[in-house]
Amino acid sequence: MFRNYIKIAFRNLWKDRKFTALNILGLSVAFGVAILLSMYALFELSFDQFHKNKDSLYQIYTTNQTPDGPEASTAESIPFAGALKKEVPGVEEITRYNGKGALVLYDEKELSMSIAYVDPDFFSMFSFPILLGKKENPIEDKSAVSLTEYAAKKIFGDVDALGKSIRVISEGEEKLFTVSAIIEDMPEQSSIKFDLAVDFTNQSDFAYADYLNDWSKENHEVYMKLASGMNPEQFEKATKPFVDLHYQEEMASAKRDGAQPDALGNYKKVQLLPLTDNYLAGFDNGRAEVNKTMPYLVLGISFLILFIASVNFINMSIAKSAQRLREIGMRKTLGAAKSQLFFQFWGESILVFLLSAITGIILALLLLDRFKTLFTTKASLDTITNLPILLAFCFSLIFITLIAGGYPALLLSKMGTLQALKGKLNVSRKNKVRDSLMVIQFSIAILLICGTLVLRNQIQFMRTKDLGFNKEQVISLPLNGKRPDAQAIQLLRNHLQDKPGILEITAANNILGLGKDGSRSTSVIGFDYKGRGVSTNILMVDYDYPETLGLKLSEGRTFNRQYAADSLAVLINESMAHQLQEKNALTAKLIIDDSISYSIIGVLKDYNFEKLNKTIEPLTLFLKPNWNMRYAYLKVAPQNAGKSFDQIKTAWKNIEPNAEFMGSFLNENIDRTFKRERTMSTMITSGSILAILLSCIGLFAISLLVVEQRRKEIGIRKVVGASVSAITMMLTAEFLKIVALSFLIASPIAWWLTAKWLQNYANRIELNIWIFISAGIIVVFIALITISLRTIKAALQNPVKSLRTE
């Protein structure tokens with residue numbers, strides 16, 4: 001019996017090759033794309049899941065009540081971790097973590113790497129296996145360093161690294177370390193990554209030793225393992241006496257300045273963020289907000305694409321059923337039971353889906369490398385080849401087959417014998433199931449197109465927005481060589497002083513946008529000003545910084561080499577001036593760093609020195625030409641900018657021959673900050689195109705059947721004088737009504753979703769109705785072309801041929 005089912009199924013599928021091919025094409029593409037998109041989404045959701053203690057690992061952050069509302073911070077003070085473990089029950093293990101850039105020197109090699117300053121509990125808390133060397137606390141000796149496999153290979157090649165010595169320059173200080181252990185390379189799904197790990201106390205004095213008992217200097221992250229029997233809520237409540245003891249003065253200042261306590265009366269609170277949520281977490285309104293919109297959106301698009309392909313299959317199966325009515329009638333007359341008919345038709349559906357699934361898997365394998373390049377992801381098929389995922393895929397395949405293939409099979413098997421023998425099944429008009437499914441299809445397509453248009457407009461808005469600085473003519477260059485930064489800057493000036501294309505050279509200790517080295521940071525300090533607490537971002541700069549960046553002055557002047565007193569002067573932005581609440585900010589004196597008084601000599605107009613999804617915060621610029629600057633900025637003439645870039649590269653190679661040149665224009669740096677938005681845009685665009693194509697495949701197949709079933713009507717209408725345009729309009733009107741209804745349903749939903757998404761950006765576009773009307777016009781135009789391919793041909797056909805055929 002089963003063999004007979006298979007034989008008949010193949011025979012019927014081969015008989016209707018055109019529709020079988022359309023079904024397999026649509027389903028194969030849908031399966032292939034769904035596999036790739038699911039791979040990406042599950043990769044994003046799998047970060048930090050590999051740790052054995054993942055359920056008890058947390059990152060600590062604090063919520064501070066300020067006059068402007070609650071603010072969250074992951075930075076903690078030097079004594080914080082030790083005191084927390086000693087004074088608060090529930091801390092099983094705890095580690096401080098400070099990740100920085102470092103230059104590793106070995107023989108003639110100079111390698112830019114990342115270094116992690118950590119405490120002894122780090123290696124027992126996290127699952128970073130030690131392959132060689134000291135297994136227990138490999139950084140117990142202050143001069144010991146642990147290397148990842150990648151770092152060891154990069155530094156020493158194939159030579160055994162254990163016991164070898166390397167020099168490391170970080171934060172302007174050079175230290176000698178001995179390799180004590182080799183760590184297995186971190187998985188791609190790790191939110192914590194580094195090349196070298198050393199003891200936390202190895203940091204420079206201005207980052208560690210100078211602040212051993214200072215609770216106000218916060219410069220590193222803290223992770224902890226929660227003891228069994230204690231949940232996060234209990235622990236957070238238990239920290240209240242700890243906060244009251246160590247932050248009494250800070251909370252009193254917040255209360256004095258007008259900050260309002262939270263619902264529980266707290267002005268400061270210690271909170272826990274699960275490590276497994278760390279990668280997708282952001283901080284808003286003083287709390288950690290885990291944003292899984294992107295991976296769930298991608299996963300949703302993959303399901304929607306499968307849904308559209310399955311709807312096509314259902315609609316085509318129902319529409320084609322009219323050609324098999326007499327077969328059904330004969331089978332029933334000869335004694336076939338409903339269950340036999342059901343399994344016969346369902347078997348055909350299973351066969352189509354299996355062929356499509358296999359083809360889809362092959363398609364996914366063929367497109368895998370291009371997919372990873374296009375979306376700049378490290379995801380791989382390993383993400384979805386574990387047992388739970390494979391079982392879920394098989395279950396999903398069975399479920400989809402049961403719904404998509406089972407419904408048409410059930411519809412046909414339940415048909416009465418007499419009705420089937422007469423060949424009566426109205427699928428051309430008033431088919432509510434078919435029309436409803438098509439409405440859902442095109443609603444999804446319109447929704448995705450609206451999302452694409454809004455997202456692309458937002459990205460373009462951010463790219464072209466005036467950020468308040470010159471991003472087209474300025475090149476940023478990480479100072480990643482072994483020379484002191486001030487010396488490297490001076491040598492750059494010496495090498496490039498006779499180059500007419502190089503207009504200005506300066507330096508700062510932070511980057512604008514995201515440079516090629518992938519590093520960016522923020523530094524915030526708080527201090528009292530006239531009895532009020534104020535906080536500001538700080539930036540250490542060299543002379544000519546505002547001039548090089550094209551920053552505009554609101555009042556006052558910039559730093560000048562002719563004024564020796566400028567070493568105790570600062571520039572502030574307008575947001576900082578507003579916070580000071582002075583009629584004339586240039587009269588203000590800021591008491592910072594152990595009663596040192598700084599004069600404000602100029603107010604800069606606000607510019608976007610952070611991500612564009614943030615409002616512009618207060619900023620103070622200090623003149624520190626001998627500081628650890630980290631980045632050089634070079635302004636070039638607009639003519640021959642490429643030539644100037646090459647001159648800078650040559651100069652850097654002469655100054656630091658062993659250091660990698662990582663210069664880039666600031667507009668490139670800004671574009672890198674849009675990586676997530678661009679990936680989202682590409683995926684939604686791809687999903688939109690695929691949704692439209694799949695919907696049109698189904699629409700084309702349905703139009704073929706409807707035209708075939710109405711051939712006699714078309715012939716009669718032509719005989720009585722109907723024009724080609726009238727017949728074409730008659731045939732297309734029904735489908736255009738479906739598309740129009742889809743637009744009416746999808747547009748309000750798209751407006752609400754995109755408006756909600758745009759709230760994440762302080763700088764955003766204004767939604768307008770033309771974006772959504774454009775999406776509707778696009779879909780109507782594509783649908784009209786799809787339908788017209790067959791309807792115009794039918795309207796032009798000789799009516800005598802149609803009537804003779806009937």
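This is a predicted model: local features need pLDDT of at least 70, side-chain atom pairs count only at pLDDT 80 or more; totals for chains, interfaces and linings use all residues.
Trainee: How many helices and strands does the chain have, and what makes a run count as one?
Mentor: There are 24 helices and 25 strands. A helix is a DSSP run of H or I with at least four residues, a strand a run of E with at least two, and both are numbered from the N terminus.

Trainee: Why is strand β16 called largely enclosed?
Mentor: Buried means under 20% relative accessible area, exposed over 50%, and partly exposed in between, with a 1.4 Å probe and protein chains only. Five of the seven residues of β16 (residues 502-508) are buried, so the rest of the structure largely encloses this strand. Over the chain, buried residues make up 51% of the 806 residues.

Trainee: What makes β16 and β24 a pair?
Mentor: Two strands pair if DSSP finds at least two bridges between them. One of the bridges joins A507 to A632 in β24.

Trainee: How many aromatic pairs are there, and what makes two rings a pair?
Mentor: The whole structure holds 28. Rings of Phe, Tyr and Trp (its six-membered ring) pair if their centres lie within 6.5 Å; planes under 30 degrees apart count as stacked, over 60 as edge-to-face, and the rest as tilted.

Trainee: Why is the pair of F50 and F128 called tilted?
Mentor: Their ring centres are 6.2 Å apart and the planes stand at 50 degrees, so the pair is tilted. F50 lies in the loop between α2 (17-45) and β1 (57-66), and F128 in the loop between α4 (122-125) and β6 (130-133), so the pair ties together parts 78 residues apart in sequence.

Trainee: Is each of these two residues buried, exposed or partly exposed, and how do you know?
Mentor: F50 has a relative accessible area of 27%, so F50 is partly exposed. F128 is at 4%, so F128 counts as buried.

Trainee: What makes F645 and F661 an edge-to-face pair?
Mentor: The centres are 5.5 Å apart and the planes 80 degrees apart; the angle is over 60, so the pair takes that name. F645 lies in helix α18 (residues 641-655) and F661 in the loop between α18 and β25 (664-665). Both residues are buried.

Trainee: How do you know that R557 sits over the ring of Y563?
Mentor: A charge sits over a ring if NZ of Lys or CZ of Arg is within 6 Å of the ring centre and within 35 degrees of the ring normal. The charged end of R557 is 4.2 Å from the centre of the Y563 ring. K217 lies over the face of Y211, at 5.3 Å from the ring centre.

Trainee: Which residues does S127 touch, and what counts as contact?
Mentor: Contact means heavy atoms within 4.5 Å. Leaving aside neighbours within four places in sequence, S127 is in contact with F50, H51 and K52. S127 is at 16% relative accessibility, so S127 counts as buried.

Note on methods: Residues are numbered from 1 along each chain as its sequence is written. Side-chain values use heavy atoms; hydrogens and water are left out.
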